[in-house]
Amino acid sequence: MEIGLRSQELLASPGGHGHARLRTAPGELDHGTLLGTGTAPSHHGELLQGVFEDGGRLRRGLVTLPCPLFASNATVRLSPWEPELTVTPAWKTKALDAARNTLDFLGMSTYGGHLELRGDVAVGRGLGSSTSDVTAAILAVLAAVGRRLAPESIARIAVGAEAATDPLIYSDRMLLFAQREGAVIEDFHRPTLPFEVLGFSTVDKEIDTLSLPPARYNAWEIECFRALRGLMRRAIGRGDITELGRIATASARINQRFLAVPHFQRLQEIAEETEALGIQVAHSGTVAGLLFDPYRPRLEAQTALAARRLAELRLTDHWRYTAGSDSHVSYARES
């Protein structure tokens, strides 16, 4: 699949944050100036993350849980007469590198101008703020110059700008994705299955997610990932969100050895009490979520009880949304 420009949006629903998208510029402006915009959503950590055998070697990979609640928006102005490309805010250097790398890839390295980023993706939480900025910046450059690139190329440019990237550009389907290579390990050929997610912050602090050392899994854990991958393939094929909830919980439990979620045992008890399908976490962040069946008759009562139980643990920063959907409801309140 390629990414079309001009009158099309990329994997988008009108007005939503749910998918990476770009919009066309109004053509060349005065004096050869080009203008483009791009938008990329956040994610909510992972359903599965670990190392997986592929072609006789082990590759780090993950299955992302998309989140339409938050997004990064980029606007770029390019001109052959500008001496360099700059960015606002000035500290968003990874997005700036991504824009420059895109121009280099397109043979337009002599263009300068200005990149501006706006958005509401919290930093240092594991929501993919860096990847959202990077992806939005790449899409803005592509829109400005009227070019198209396959998602694989965009992912490679993104990983060149940051140590690891999430598959936000593939937000139309579930993948096992090599985040440090920008490559697809396995395409499950299904859109994101629907979950009702009650998200929350596990600690009240930011962390530098990209500075975390890669997890060093032992032989038992690697065998677990082999089994979980097979179970995930089967669950996605059957549309079995109950099994996916169990897989997410197992992956979160393995990750406790590397980035422990406080009160994890109690969270498991809350999940059982409220009939949640499981627990998922940002494996390199501070957000987590209780996963529910969005079609359960007692959904509202279950999520309300879960919010009260989280508040008893002083976890009062909550939000709620439906994965696989652009719709969401605010759930940031103290219970």
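A residue counts as buried when its relative accessible area is under 20%, as exposed when that area is over 50%, and as partly exposed in between (1.4 Å probe, protein chains only). The model here is a predicted one, in which local features need pLDDT of at least 70, side-chain atom pairs count only at pLDDT 80 or more, and totals for chains, interfaces and linings use all residues. Residues are numbered from 1 along each chain as its sequence is written, and side-chain values use heavy atoms, leaving out hydrogens and water.

Let's begin with helix 6, residues 264-273; helices are DSSP runs (H or I, at least four residues) and strands likewise (E, at least two), numbered from the N terminus. Its buried residues are Phe-264, Leu-267, Gln-268, Ile-270 and Ala-271. Among the elements covering the buried residues are strand 8 (195-201), helix 5 (241-255) and helix 7 (299-312). After helix 6 comes Glu-275, with a positive phi near 60 degrees.

Now turn to helix 2 (residues 129-145) and helix 3 (residues 151-161), which pack at an angle of about 125 degrees with their axes 10 Å apart. The two helices are therefore oblique to each other. Their contact (heavy atoms within 4.5 Å) involves Val-134, Ile-138, Leu-139 and Leu-142 of helix 2, together with Ile-154, Ile-157, Ala-158 and Ala-161 of helix 3.

Notes. Axes fitted to C-alpha atoms, helices over the stretch in contact; angles between N-to-C directions. Parallel < 35°, antiparallel > 145°, perpendicular 65-115°, else oblique.
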